Amino acid sequence: GDMYIYAAEEETKAGHGPGDVMYMNKGLEDGVHPGDKFFVVHQGNKVKHPVTGKKAGYYMRKMAVAQVMVAQAETATIELIDGCETVHLGYELIAFSDLKSPERRETGQRGPTPSCG
C-alpha cells in the first residue's frame with residue numbers, strides 16, 4: 001500500500017496499542033485531514049483460489065483503528081484509538097468505514113463469544 005506508519009512517538013516500544021501516537025507517510029497534500037480515521041492493517045498469508053489453486057491475493061488483517069490528530073503537508077500524526085492487536089512500524093493504513101455486522105440468525109448452536117470485534 002501507499003499509506004503506512006513510518007514512525008512512533010515511543011520508538012523503543014516492542015509494539016503499540018490504543019493511546020499510542022504514531023506517524024503516517026501522507027498528509028494534507030494527499031487529502032488527509034485531522035479527524036480522519038484509518039484501519040491499521042497487516043498483510044498476512046497468500047490467499048489461493050479454492051478451485052484453481054492460483055494466488056488470489058493476500059489476507060489483510062485489521063489490527064487497529066487510527067485517527068489523525070494533526071496533519072502536515074506530507075505527513076500526519078495519528079493516535080491508535082481502538083484495536084486488539086499489536087501495531088508495528090510499516091503496517092499499512094486503509095480508509096476507515098463503519099462496517100455493520102450482519103444480523104444474527106438463530107441456528108440453535110452456541111459458539112464462542114468473540115472477545116474483540
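The model is predicted, so local features need pLDDT of at least 70 and side-chain atom pairs count only at pLDDT 80 or more, while totals for chains, interfaces and linings use all residues. Residues are numbered from 1 along each chain as its sequence is written, and side-chain values use heavy atoms, with hydrogens and water left out.

**The sheet**
- Six strands form an open sheet in the order β1-β2-β5-β4-β3-β6, with antiparallel pairing; strands are DSSP runs (E, at least two residues) numbered from the N terminus, and two strands pair if DSSP finds at least two bridges between them.
- At the edges are β1 and β6, each pairing on one side only.
- β3 and β6 are joined in the antiparallel sense over four bridges, and F39 stands opposite I94 in β6.

**The nonpolar core**
- The largest nonpolar core has 19 residues, and M24, V40, V68, I78, V87 and L93 touch the most other members.
- Such a core is a set of buried Ala, Val, Leu, Ile, Met, Phe, Trp, Tyr and Cys residues joined through side-chain atoms within 4.5 Å; buried means under 20% relative accessible area, exposed over 50% and partly exposed in between (1.4 Å probe, protein chains only).
- β4 (55-71) gives this core its largest share, five residues.
- Not counting residues up to four places away in sequence, V40 touches residues including I5, M63, L80 and Y91; contact means heavy atoms within 4.5 Å.

**The aromatic pair**
- How many aromatic pairs does the count come to? The count is one, where rings of Phe, Tyr and Trp (its six-membered ring) pair if their centres lie within 6.5 Å, and planes under 30 degrees apart count as stacked, over 60 as edge-to-face and the rest as tilted.
- The ring centres of F39 and F96 are 4.9 Å apart and their planes are at 40 degrees, so the pair is tilted.
- F39 lies in strand β3 and F96 in the segment after β6, 57 residues apart.
- F39 counts as buried because its relative accessibility is 10%, whereas F96, at 27%, counts as partly exposed.
- K37 has its charged end over the ring of F96, 5.4 Å from the centre, and K62 lies over the face of F39 at 4.3 Å; this needs NZ of Lys or CZ of Arg within 6 Å of the ring centre and within 35 degrees of the ring normal.

**A loop residue**
- T75 sits in the loop between β4 and β5 and is partly exposed at 24%.
- From C-alpha to C-alpha, T75 is 4.9 Å from N25, although 50 residues separate them in sequence.
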